[in-house]
Amino acid sequence: MRVAEVDVTVVVPVYNTMPYLTRTLDSLVAQSIGPDRMHVVAVDDGSTDGSGEELERYAAAHPGLFTVLHQENSGGPAGPCNRGLAAAEGRYVYFLGADDYLGDEALERMVDRADAWGSDVLCGRMVGVEDRHVAQRLYREDVEDLPFPDRTLVFAVSNTKLFRRSMLLEHGIRYPLDLKVGSDQPFTIEAMLRARRISVLASYECYYAVKRADSANISYSSTWRMRLADIGTIMGHVAELTGPGPVRDDILVRHFSSELAKLLDRDFPELPPAEQEELVAGLRTLADRYYTDRIDSGLRVLPRVRFHHLRAGRVDRLREMVGLGDADRRLVVGGERLRILYPGHGAGEVPDHAFDALVESPRTLLHQAVGEARLSWDGPVLRLEAPSVLHASSALHVRVVLTRTEERVGRPLLRRARPDVPHPAAGEVSIAADGTLTWSRDLTSRLPDDGTPRCWELRVQVDLGEHTYAAPVLAAPVPPHHVVRGARTYTLEVVPDPDGRALLTCVADAG
């Protein structure tokens, strides 16, 4: 037993994680904070692959750094985490998966920053390894004080954070034992609800989350029934902590838009009809219990529409929506609203407001709305045809413009065009029922009288309320085309820049 309190105790629940465990332990030994400021409690949950022996080997090689506890298998990480927490001695506690590993300076940086900021919970930057996806929205920048339930935080409720131990003890925060998967969510959510300050350390990669080659991480190996039951249990814990109201809704929107939506998107299509009915019945029970207008408005359009069908028991409609993706939608731009229509819109089963893009980023949606264009010449007329996901009714709010750049012909093309004030496009945009966007423009009036070389970028501009969103036209090269105007011959050529953006160059002969 240590006499002096250390800065941080790292709790590592372990069950059959060889050979990944060795890298995990190496990353702890390598911590720049040093063995005098840290303590590791590793709880072997009945491993049978040599993980327990590996823990003892490291404990023997590094006296005083590791405390190794052995127990019979408990069936999940909650019990080992609670036992490790009970044995913790540090001012802070940090939980590390036995598949994963830390950056060399992770503990030192997190402890020092939490001390400086007075953080009760600190989220160190977490990245994925071996195709493990970890969303990075939370880690755009260091944040001293981030309120919960902030939308970025509700999508980052794993326990891979630094917790002030006195706060956990004061409120008796422990892992619930009724969950096989996701027991860290109620623990982390309660800690963040109780915390006086939650901070984000984004400027250093603290935690490397590994997807095992055998996909044996517990979150990857569970069945849909197990996941549905555990998600329902998690939601029940949240409901007990918060009660009905905006706070509960702002936390549970995560489960409807993520875990429950994935059951519909990934599991439902692969199930036989009887199991599809069973899954929908289970999801409908949770929706009847927790779904609110506030949660509805916090969802993206596709999962929102699916939940409307689910709540009405329209299993056949859900089957028809299997596999729908970005290519199946149509964006409707008009006035202040951006709508995303999917097949089945207009049948009267789902209210029109369900198709309003309340959560999706208009900039991202509109930037991706038009695909690679085919450009061609008809005399001095430049013609454009491009696939798009725009609805035909959006044509009045869409323009194609030529924007002057600061580029001069003969120099390397700019990677990103620097626009001057764009001239209005002559000719109208038209959009067919299949989304094909067409536009043409006679460029005679744009030919420079003085023969000075010109370079323009082609852009698609979309008006949405008071905002205008612009996206570059992407196109393959177009062979040079010659236009005679007066005594001059002009050579017009479309050349993509390194990003594929269509740049139109104009060079006049000596005249």
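Trainee: Between which two elements does the loop that holds Pro149 lie?

Mentor: Helices (H or I, at least four residues) and strands (E, at least two) are DSSP runs, numbered from the N terminus. Here Pro149 sits in the loop between β6 (121-129) and α5 (151-154). The model is predicted: local features need pLDDT of at least 70, side-chain atom pairs pLDDT 80 or more, while totals for chains, interfaces and linings use all residues. Numbering starts at 1 along each chain as its sequence is written, and side-chain values use heavy atoms, without hydrogens or water.

Trainee: Is the peptide bond from Phe148 to Pro149 cis or trans?

Mentor: The bond from Phe148 to Pro149 is cis, with omega near 10°. The bond from Met18 to Pro19 is also cis, with omega near 5°; Pro19 is placed in the loop between β1 (8-14) and α1 (20-29).

Trainee: Is Asn16 buried or exposed, and what about Glu130?

Mentor: Buried is under 20% relative accessible area, exposed over 50%, partly exposed in between (1.4 Å probe, protein chains only). Asn16 is buried, at 17%, whereas Glu130 is exposed, at 52%.

Trainee: What is Phe256 in contact with?

Mentor: Leaving aside neighbours within four places in sequence, Phe256 has contacts (heavy atoms within 4.5 Å) with Met235, Ala261, Leu286, Ala287, Tyr290, Tyr291, Ile295, Leu299 and Phe307.
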